Amino acid sequence: MNSFDRRRDFLKTAGLAAGGAALVLPALASPEDMRAALTKITGGADVRRGRVKLQLPPLVENGNSVEFSVTVDSPMTETDYVKAIHVFTEKNPQPYVINAYLGPRAGRARITSRTRLADTQTVHAVAELSNGTFWTDSVSVVVTLSACIGDLI
Amino acid sequence: MADVMVSVPAQARRGEIIEIKALVRHPMENGFRHTQTGERIPRNIITNFVCRYDGVEIFRATLHPSITANPMLVFSTVATASGRIEFSWTGDNGFVVTQAASLRVI
């Protein structure tokens, strides 16, 4: 075998190894998984659109770190406040991102954090109010470099 | 071991809403990645964050593998009285980190 063939063999093996690694990657969650996760939080209650504002860039170059913030329109008084803010993704390996629990002492209903995004998808924020109602907002995000599962180290 | 950065204003007027930032150094290894030899890298994340103001819980969060490495959280509270604001992070493999800041209310 000349050196050229050996190189080709090596390339073939390397290709197989890469293919093998791809096979063990976990399946991404589906929008159905996300809805199931959402039902767990709401207990099947109605989730209405509005009052919540999810801010997230519409185009993300690097899915490893995407800053988002959720603001809820609420007076944050002792009797009318936001109890919790939940963030979900449709296509990360798991639908959950964060569950944040706040109360009237927060003064205003706003949280900021950073998430990973595995794929181009829709991100959802759900707010649970003290009167037991649920409100939501969602943003579609285009991700060019995905996070979570694509990178081998 | 762990580096923590919290940002709380040194002083605030009574009733003012202050912004609190909390950041901790942590890999947030999500448990879905593999090494080049195909072994799964075990999950190692921070699962809980709690913030207390003079011993009373004012903010709590459950974090999931989707949260980035070195998780950052920004939230707010109403400055009610001078006191201590305590932060605590707990996670996989017995990870516990606490930090405190003091706030003067004028």
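Which residue in E4(A) is the bridge partner of Val52(A)? The bridge partner is Val72(A). The model is predicted: local features need pLDDT of at least 70, side-chain atom pairs count only at pLDDT 80 or more, and totals for chains, interfaces and linings use all residues. Residues are numbered from 1 along each chain as its sequence is written, while chains are lettered from A and ligands numbered from 1 in the order in which they are written.

**Confidence**

- Chain A has a mean pLDDT of 82, and 78% of its residues reach 70 or more; pLDDT is the predictor's confidence in each residue, from 0 to 100.
- In residues 14–25 of chain A the pLDDT is below 50, and this stretch has seven contacts in the model beyond near neighbours in sequence.
- Two residues are in contact if their C-beta atoms, placed from the backbone, lie within 7 Å.

- Strand E2 (residues 52–55) of chain A pairs with strand E4 (residues 66–72) in the antiparallel sense, over four bridges.
- Strands (E, at least two residues) and helices (H or I, at least four) are DSSP runs numbered from the N terminus, and two strands pair if DSSP finds at least two bridges between them.
- The covered face of E2(A) holds Val52(A) and Leu54(A), and the uncovered face holds Lys53(A) and Gln55(A).
- Val70(A) touches both Val52(A) and Leu54(A), and its other contacts include Ile85(A), Arg110(A) and Ala125(A), leaving aside residues up to four places away in sequence.
- The largest nonpolar core has 59 residues, of which Val70(A), Val82(A), Ile85(A), Ala125(A) and Ala127(A) touch the most other members.
- Strand E5 (residues 82–89) of chain A gives this core its largest share, five residues.
- A nonpolar core is a set of buried Ala, Val, Leu, Ile, Met, Phe, Trp, Tyr and Cys residues joined through C-beta atoms within 7 Å.
- A residue is buried if 20 or more other C-beta atoms lie within 10 Å of its own, exposed if 12 or fewer, and partly exposed in between, with C-beta atoms placed from the backbone.

**Loop residues**

- Pro75(A) sits in the loop between E4 and E5 of chain A and is exposed because it has 12 other C-beta atoms within 10 Å.
- The C-alpha atoms of Pro75(A) and Ser65(A) are separated by 31 Å, the two residues being 10 apart along the chain.
- Met76(A), in the loop between E4 and E5 of chain A, counts as buried because it has 21 C-beta neighbours inside 10 Å.
- Met76(A) has a positive phi of about 50° although it is not a glycine.
- Met28(B), also not a glycine, has a positive phi of about 45°.
- The loop between strand E3 (17–24) and strand E4 (46–53) of chain B holds Met28(B), which is buried, with 22 other C-beta atoms within 10 Å.

**Chain B**

- Chain B has zero helices and eight strands.
- Its C-alpha trace spans about 60 × 20 × 20 Å along the principal axes.
- Of the 106 residues in chain B, 31% are buried.
- Among contacts in chain B with a separation of 6 or more, 57% are between residues 24 or more positions apart.

**Interface**

- In all, 27 residues of chain B are in contact with 33 residues of chain A.
- On the side of chain B that touches chain A, E6(B) gives the most, with seven residues.
- The residues of that side divide into 14 nonpolar, 11 polar and two charged.
- Ala, Val, Leu, Ile, Met, Phe, Trp, Tyr, Cys and Pro count as nonpolar, Asp, Glu, Lys and Arg as charged, and the others, Gly among them, as polar.
- Strand E7 (residues 109–115) of chain A and E6(B) run antiparallel and are joined by two bridges.
- Thr112(A) has Val74(B) as its bridge partner in E6(B).
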